[in-house]
Amino acid sequence: MDFALTEEQDAIFDMARAFGQDHIAPYAQDWEKQGTIPKELWPKVAELGLGGIYVSEDYGGSGLSRLDATLVFEALAMACPSVGSFLSIHNMCGGMIDKFGSEETKAKWLADLTSMTKVFSYCLTEPGSGSDAAALRTKAERTNDGYKLNGTKAFISGGSYSDAYLTMVRTGDDGPKGISAMVIEDGTTGLSFGGLEEKMGWRSQPTAQVQFDDCVVPADNLVGEEGRGFVYAMAGLDGGRLNIAASALGGAQSALDLTLAYMGERKAFGKTIDQFQALQFKLAELEVKLQSARIFLRQAAWKLDNGTPDATKFCAMAKMYVTDAAFDVANACLQLHGGYGYLADYGIEKIVRDLRVHQILEGTNEIMRLIVSRQMLADRG
């Protein structure tokens, strides 16, 4: 059993980390205050091949594996979990279009997506359907020219900011089999947005409701087949859960790195605080948490890449375990900073706020426990 990364994977991680430290980290606090990410960043990201991580090279993508992607998002989150996670959402849309779209659909959208001349958001959650995603009510009625949409999506990262919205809508009866996926472009008649949400973390990501009022969508904006949207959405979420876990891991690793440096400088009772055995023990606990989380995450990514029967279960377990562990580590790092950890200047409190939502989105960690336990019972035989 070989746990080593390949030379190419090491290079992918180093490239993403260097980019994050140069182009994201110095500005992360300012972008948080502004509540937005400058759109000039995205073409630079695309130049590295990170605009279409899962998209095949035939359509301008990088064709990377799920394991490769976890390296990218862990590395970028070391600069800012909010910015890295926003990119992961864009890439989830690209992966779904590449995997499930027709040749015509891929030709229509993927060039702009991979070059990031168009930024994509993912719209599944609604005000009344979060964990119960199959209960979504946004309705798409067939017309002579395509579809007419009515409904509202909630908590949408990139709402009012993105150029296109990959949206799950109801084209048929109640339940998962009546759901389809389609792309709605910014500027479409009947598309509007709620006010920007004030959030605890991920504050650099503009977040708003996406609203459809007799929104007219061409028939060729449908992705894949009618009635298969829920299957596509769930398939996308397996990878999305790994990326959200990877982003949490990167943020927590950054917090621990900052804490190690701080403890070598901060003095109390005549010596630096890294010389107190009780605090050394705490550091060891945090390191074990992060290293075990990293191995678990990469195992789950390997299973998804190889299509193992238990891949969905392992993606759920990894999302739950890694995001819980990462938040605990970041929170402990704030404690080790004492009062300084509570100040924005030291960067720790931002990481804590950013990582808290990783335990909620892409399926709450309670839902992850449900997925895991149900699979265990089904496997009991």
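# Briefing: helices, cores and open spaces

In this predicted model, 19 of the 20 residues of helix H5 are buried, so H5 is largely enclosed by the rest of the structure. Helix H5 covers residues 81-100 and, together with helix H3 (41-47), supplies at least two residues to the lining of the largest cavity, as each of these two helices does.

**Two enclosed helices**

- Helix H5 reaches 28 Å from its first C-alpha to its last, which is close to the 28 Å expected for its 20 residues at 1.5 Å a residue.
- Helix H10 is another case of this kind, since eight of its nine residues are buried, so H10 is largely enclosed by the rest of the structure.
- The buried residues of H10 are Ile-348, Glu-349, Lys-350, Ile-351, Val-352, Arg-353, Asp-354 and Leu-355, and what covers them includes H2, H5, H7 and H9.

**The nonpolar cores**

- In soluble globular proteins, nonpolar side chains tend to be buried together.
- The largest nonpolar core here holds 73 residues, and the members that touch the most other members are Ile-24, Leu-41, Trp-42 and Phe-73.
- Helix H9, which runs over residues 311-336, gives the most to this core, with 16 residues.
- When neighbours within four places in sequence are left aside, Ile-24 is in contact with Phe-19, Trp-31, Leu-41, Leu-76, Ala-79, Cys-80 and Val-83.

**The cavity**

- Rolling a probe the size of a water molecule over the atoms shows where empty space is left.
- One cavity of 30 Å³ or more is counted in this model, and the largest cavity contains about 50 Å³ of space.
- The lining of the largest cavity is made of Phe-19, Ile-24, Leu-41, Trp-42, Val-45, Leu-50, Leu-76, Val-83, Gly-84 and Leu-87.
- Sorted by type, the residues of this lining are nine nonpolar, one polar and no charged.
- Ile-24, Leu-41 and Trp-42 belong to this lining, and these three residues are also among those that touch the most other members of the largest nonpolar core.

- The largest pocket has a volume of about 1,200 Å³, and of the 38 residues that line it, Thr-125, Ile-360, Leu-361, Glu-362 and Gly-363 lie nearest its centre.
- The elements that give two or more residues to the lining of the largest pocket are H5, strand E3 (146-157), helix H7 (229-263), helix H10 (348-356) and helix H11 (365-379), and H7 gives the most, with six residues.
- By type, the lining of the largest pocket divides into 21 nonpolar, nine polar and eight charged residues.
- The second largest pocket has a volume of about 360 Å³, and among the 13 residues that line it, Asp-2, Phe-3, Arg-298, Gln-299 and Trp-302 are the closest to its centre.
- Helix H8, residues 277-305, provides the largest share of the lining of the second largest pocket, with six residues, while the lining divides by type into seven nonpolar, two polar and four charged residues.

- Asp-30 is found in helix H2, residues 28-34, and has a relative accessible area of 40%, so it counts as partly exposed, a class that lies between 20% and 50%.
- Asp-30 and Ser-204 are 174 residues apart in sequence, but their C-alpha atoms are 8.6 Å apart in space.
- Ser-162 lies in the loop between E3 and strand E4 (164-170), and its relative accessibility of 0% is under 20%, so Ser-162 counts as buried.
- Apart from neighbours within four places in sequence, Ser-162 is in contact with Phe-86, Val-119, Phe-120, Ser-121 and Asp-186, and the C-alpha atoms of Ser-162 and Val-119 are 5.1 Å apart although 43 residues separate the two in sequence.
- Gln-205 has its place in the loop between strand E6 (191-193) and strand E7 (207-218), and Gln-205 is buried because its relative accessible area of 1% is under 20%.
- With neighbours within four places in sequence left aside, the contacts of Gln-205 are Gly-35, Ile-37, Ser-82, Ser-85, Phe-86, Ile-89, Ser-157 and Lys-199.

Definitions and conventions
Residues numbered from 1 in each chain as written. Predicted model: local features only at pLDDT ≥ 70, side-chain atom pairs only at ≥ 80, totals over all residues. Heavy atoms only, no water. 1 Å grid on protein atoms, 1.4 Å probe; cavity = no way out; pocket = protein on both sides within 12 Å on 5 of 7 lines; lining within 4 Å. Points joined across faces, edges and corners; volume = space filled by probe spheres on them. Helix = DSSP H or I, 4+ residues; strand = E, 2+ residues; numbered from the N terminus. Nonpolar A, V, L, I, M, F, W, Y, C, P; charged D, E, K, R; others polar. Core = buried A, V, L, I, M, F, W, Y, C linked by side-chain atoms within 4.5 Å. Buried < 20%, exposed > 50% of the residue type's maximum accessible area, 1.4 Å probe, protein only. Contact = heavy atoms within 4.5 Å. Expected span 1.5 Å × (residues − 1).
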